Amino acid sequence: MAKKKNSIIFKCTECSYTQPTWLGRCPECGAWNSFEECVSDPNSSAAAFGNTAAQIVRPVPLESVSAQQNSRFCTGIKEFDRVVGGGAMKRSAILIGGEPGIGKSTLMIQIAAGIAKTVPEGKVLYISGEESAGQIKSRADRMKVNTKGIEILCTMRLEDIKDALNSLSPVFVIVDSIQTTYSLEAGLVPGTVNQLKYCANELIGWVKERDSVLMMSAHVTKEGTIAGPKSLEHMVDTVISFERNDDEIRFLRSQKNRFGSIDELGIFAMTDTGLECVTDPSAMFITKRIGPTPAGIANAAVFEGSRTFIVEIQALTVPAKANTSRVYSDKVDSARVARVAAVLEKRTGLCFSDQDLYINVAGGIKLTESSIDAALAAALYSARTDIAIDGTTVVTGELSLAGEIRPVYRLKQRIKTAVELGFTKVLAPESENGSVKISNIKEMIKTLFAK
């Protein structure tokens with residue numbers, strides 16, 4: 001059977017009134033020459049909200065398109081704005097995931113208050129499917145958050161959410177969480193693949209047609225990835241992961257961002273009044289000691305987004321308890337640790353194949369940058385030989401399988417940060433003002449352990 005063609009209708013651009021023929025004056029609002037040709041599409045995103053008129057889209061020259069100006073909402077939370085690229089982009093969808101109890105709801109109520117303050121003319125709609133309005137209000141009072149301008153809706157039904165969106169037209173929509181939302185059109189059980197895709201698509205379609213922002217929280221699996229279909233991450237514009245170390249420090253990372261960099265790192269401290277931005281993140285990764293630095297510790301200069309940090313890499317080697325050695329490292333990739341140990345064993349003759357290797361990073365930050373290779377090698381060598389490295393020395397550089405110390409980007413900024421924090425020597429693969437050049441791993445070992 002042939003598929004029925006969509007019929008042409010005309011919609012008023014002022015009041016969205018539709019009718020089958022063109023009119024010079026709208027009978028609903030009285031506007032002149034306001035009707036435009038549209039197609040009746042029951043599958044459009046607007047149809048889910050009662051309007052089947054979808055505007056006929058035609059291609060236009062890209063050079064004639066004007067770039068969006070003032071297209072972001074600043075939340076007032078500096079670290080969050082940094083991660084999303086300078087503020088939440090209008091007509092975008094943000095997905096944030098994190099383990100239970102990490103502070104997703106705390107962060108979102110703070111974001112809601114920040115938007116309500118910076119955009120007083122618009123409303124913020126907070127949709128909760130997990131907590132009651134009283135529980136959210138109690139949290140806001142404990143955090144001393146001003147809730148003026150925030151509308152609360154406690155429901156799991158998508159149909160109730162649609163009615164609220166159409167009646168309020170909020171500039172910022174928060175859904176906590178998308179796994180609890182369900183629609184009668186996709187079944188009665190929340191959290192299924194069809195429910196997640198259907199509900200997310202309907203909500204994203206609503207904000208895409210308005211200058212609004214959608215922010216959804218998501219559950220995560222035991223591996224730390226966002227639960228549900230991977231297509232959910234493809235549907236949104238920004239995917240953010242919320243992590244924490246063993247203390248009260250929280251890390252905000254962007255895994256996907258269509259409107260900014262994914263290299264930025266947001267750092268928060270959990271307090272009695274909510275999440276607070278860490279103003280001096282460099283100091284929190286450095287251990288202040290009284291006395292000499294113990295063996296197995298090396299300082300590395302890493303670059304996260306637009307900021308440089310000096311981090312402390314800690315290494316410990318002990319005789320293997322089994323026939324084969326093992327690597328215990330959750331802050332640095334275990335494969336990287338094994339590769340660096342293999343290069344050390346080959347190029348320096350120091351045996352690591354009969355040792356269990358333990359690696360940690362002070363402050364609990366995860367390191368993925370290749371510039372930590374040289375510092376990791378220095379920490380492993382120090383731990384194996386039980387010879388300490390001078391605590392005022394910073395090591396940076398990428399280690400090749402041939403034992404070469406390869407250059408890293410933005411070396412000048414790394415050296416500058418190290419000097420500002422009081423470090424007196426920087427070992428780097430290039431000769432810059434304030435650095436000592438090292439070309440290979442043997443030169444690094446001789447420079448660090450000359451005595």
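Mentor: Contact here means heavy atoms within 4.5 Å. By that rule, if we take the contacts of the protein chain between residues at least 6 apart in sequence, 64% join residues at least 24 apart. The model is a predicted one. Its protein chain has 451 residues, of which 49% count as buried. The secondary structure comes to 11 helices and 24 strands, and the C-alpha atoms fill a box of roughly 90 × 50 × 45 Å along the principal axes.

Now to the rings. A pair of aromatic rings is described by how far apart the centres are and by the angle between the planes. Rings pair if their centres lie within 6.5 Å, and by this rule there are 5 aromatic pairs. One of them joins Y17 and F35: the ring centres are 6.4 Å apart and the planes stand at 75°, so the pair is edge-to-face, since planes over 60 degrees apart count that way. Y17 sits in the loop between β1 (8-12) and β2 (18-19), while F35 belongs to strand β3 (residues 35-40), so the pair ties together parts that are 18 residues apart in sequence. The partners can also be placed by accessibility. Y17 has a relative accessible area of 29% and is therefore partly exposed, whereas F35 has 7% and is therefore buried; the cut-off for buried is under 20%.

Another pair is formed by Y381 and F449, with 5.0 Å from centre to centre and 40° between the planes, which is a tilted arrangement. Y381 is in helix α9 (residues 373-385) and F449 is in the segment after α11 (441-448), so distant parts of the chain, 68 residues apart, are linked by the pair. Both residues, Y381 and F449, are buried.

R414 lies over the face of Y409, at 5.2 Å from the ring centre.

With a relative accessible area of 29%, F259 is partly exposed. Apart from neighbours within four places in sequence, F259 is in contact with R72, V84, M89, S92 and D237. Between F259 and V340 there are 81 residues of separation in sequence and 35 Å in space, C-alpha to C-alpha.

E304 has 8% relative accessibility, so E304 counts as buried. L367 is 63 residues from E304 along the chain, and their C-alpha atoms are separated by 9.4 Å.

For a contact between helices, turn to α2 (residues 104-118) and α3 (residues 133-142), whose axes come within 11 Å and cross at roughly 75°. The two helices, α2 and α3, are therefore roughly perpendicular to each other. S105, T106 and I109 of α2 make the contact with I136, R139 and A140 of α3. By type, the residues of this contact are 3 nonpolar, 2 polar and 1 charged.

How values were computed. Residues are numbered from 1 along each chain as its sequence is written. This is a predicted model: local features need pLDDT of at least 70, side-chain atom pairs count only at pLDDT 80 or more; totals for chains, interfaces and linings use all residues. Side-chain values use heavy atoms; hydrogens and water are left out. Axes are lines fitted to C-alpha atoms, for helices over the stretch in contact, and angles run from 0 to 180 degrees between N-to-C directions. Helices (H or I, at least four residues) and strands (E, at least two) are DSSP runs, numbered from the N terminus. Angles under 35 degrees count as roughly parallel, over 145 as roughly antiparallel, 65 to 115 as roughly perpendicular and the rest as oblique. Ala, Val, Leu, Ile, Met, Phe, Trp, Tyr, Cys and Pro count as nonpolar, Asp, Glu, Lys and Arg as charged, and the others, Gly among them, as polar. Rings of Phe, Tyr and Trp (its six-membered ring) pair if their centres lie within 6.5 Å; planes under 30 degrees apart count as stacked, over 60 as edge-to-face and the rest as tilted. Buried means under 20% relative accessible area, exposed over 50%, partly exposed in between (1.4 Å probe, protein chains only). A charge sits over a ring if NZ of Lys or CZ of Arg is within 6 Å of the ring centre and within 35 degrees of the ring normal.
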